[in-house]
Amino acid sequence: MAVERTLVILKPSAIQRGLVGEVISRFEKKGLVLIGMKMVWLTDKILSEHYMHLQKKLFFQRLKNSMKICPVVICCWEGVDAVKVVRTIVGVTNSRDALPGTIRGDYSMSMQENVVHASDSVEVANVELKRFFDEKELYVYNPVLLSTLYASD
Ligand code: GDP
Ligand code: MG
């Protein structure tokens, strides 16, 4: 079983609409373990790195601007196959195509204002966690329910 860590950003669309508790609750209830969380006001510099793969898109600056209209909440979630599990809970990029039951499917009608960011591979998660967290901000502890969560695997 591969225990992974993944990065989730609660975007301004989550903060402004009061969805922080709801979004975090979904990951918690699934059984992912929260090992880091902070509120940060992102800068154009870090957003240019974070969205480097979209730098040629016409919406690049608009996207970056939308990510710094207010602070965001950044989390690190840990669990078996955490990267894939979190992406499944989040849903596809265009919220209008995202399935009911996913965060984007339930809470958004937008491609851009789609409530959450989640790392899309283990390699990307490692890079993104280093970008947004110092190692000392990620806590190693023993979640008491671990044996219950994974008992039959
Ligand atoms: P994600 O991994 O599902 O978040 O999607 P991407 O990595 O492809 O894109 C990053 C973010 O850019 C998305 O979550 C959206 O907020 C935004 N985005 C992607 N495609 C578009 C688009 O066509 N138009 C706009 N305005 N924003 C987009
Ligand atoms: Mg992406």
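The model you have open is predicted, so local features need pLDDT of at least 70 and side-chain atom pairs count only at pLDDT 80 or more, while totals for chains, interfaces and linings use all residues. Residues are numbered from 1 along each chain as its sequence is written, and chains are lettered from A and ligands numbered from 1 in the order in which they are written.

**The sheet**

Now select residues 3-10, strand β1, and residues 72-80, strand β3, which pair in the antiparallel sense over 8 bridges. Strands here are DSSP runs of E with at least two residues, helices are runs of H or I with at least four, and both are numbered from the N terminus; two strands pair if DSSP finds at least two bridges between them. Further along this pair, Ile9 stands opposite Ile74 of β3.

Zoom out, and you have an open sheet of 4 strands in the order β2-β3-β1-β4, with antiparallel pairing. Which strands stand at the edges? They are β2 and β4 (116-118); each has a single partner strand, so one side of each is left without a neighbour in the sheet. From one strand to the next, the twist averages 20°.

Select residues 122-132 for helix α7, which packs on the sheet and touches β1 and β3. Contact means that C-beta atoms, placed from the backbone, lie within 7 Å. The direction of α7 makes about 60° with that of β1; such angles run from 0 to 180 degrees between N-to-C directions, with axes fitted to C-alpha atoms, for helices over the stretch in contact.

**A helix pair**

Move to residues 20-30, helix α2, and residues 82-90, helix α5: they pack at about 135°, with their axes 11 Å apart. To see the contact, show Arg26, Phe27 and Lys30 of α2 with Val85, Val86 and Ile89 of α5.

**Record annotations**

An unreviewed UniProt entry gives residues 3-140 the annotation "domain: Nucleoside diphosphate kinase-like"; UniProt annotations may be inferred rather than shown by experiment. The end C-alpha atoms of that span lie 13 Å apart.

Finally, select Lys11, Phe59, Arg87, Thr93, Arg104 and Asn114, which the unreviewed UniProt entry marks as "binding site". The farthest two C-alpha atoms are 22.6 Å apart, so these residues do not all gather at one spot. Lys11 itself is found in the loop between β1 and α1 (12-16).

How values were computed:
Two residues are in contact if their C-beta atoms, placed from the backbone, lie within 7 Å.
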